[in-house]
Amino acid sequence: MIVVGEYAWALWLAGPVVATALAALWVWWRGRPARVPRPKKAMAEHRAYLDALRQTAAAHTTEDESSRVAAKARRSPSVARQARSTVSR
């Protein structure tokens with residue numbers, strides 16, 4: 001018959017050993033390199049990347065300028081102009 005008192009040290013040690021083994025397994029699993037994509041998927045992602053690079057800044061500046069003009073028009077002439085903040089957002 002097995003006496004629990006004789007193996008109490010093994011039961012006490014089993015918790016940290018199992019937890020360490022599970023953590024090592026999890027770190028190994030998360031640290032694997034990403035799979036190599038299929039050629040068609042890789043080409044489609046590359047094409048989307050190049051299309052994003054082709055977009056000119058001029059298309060975006062017209063929207064930015066219109067919002068700046070609208071913001072300036074809303075400012076009350078009686079309010080003194082304040083220095084720009086150095087805090088970046």
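## A quick guide to this helical chain

Helix H1 covers residues 8–30, and its 23 residues reach 34 Å from the first C-alpha to the last, close to the 33 Å expected at 1.5 Å a residue (that is, 1.5 Å times one less than the number of residues). Please keep in mind that this is a predicted model, where local features need pLDDT of at least 70 and side-chain atom pairs count only at pLDDT 80 or more, while totals for chains, interfaces and linings use all residues. Residues are numbered from 1 along each chain as its sequence is written, and side-chain values use heavy atoms, leaving out hydrogens and water.

**Helices**
- The chain holds three helices and zero strands (helices are DSSP runs of H or I with at least four residues, strands runs of E with at least two).
- A kink of about 30° lies at Ala-14 in H1, shortly before Pro-16 (the angle between axes fitted to the seven residues ending there and the seven starting there).

**Side chains**
- The charged end of Arg-32 sits over the ring of Trp-29, 3.7 Å from its centre (NZ of Lys or CZ of Arg within 6 Å of the ring centre and within 35 degrees of the ring normal).

**Confidence**
- The chain's mean pLDDT (confidence per residue, from 0 to 100) is 79, and 61% of its residues reach 70 or more.

Conventions: pLDDT = per-residue confidence, 0-100.
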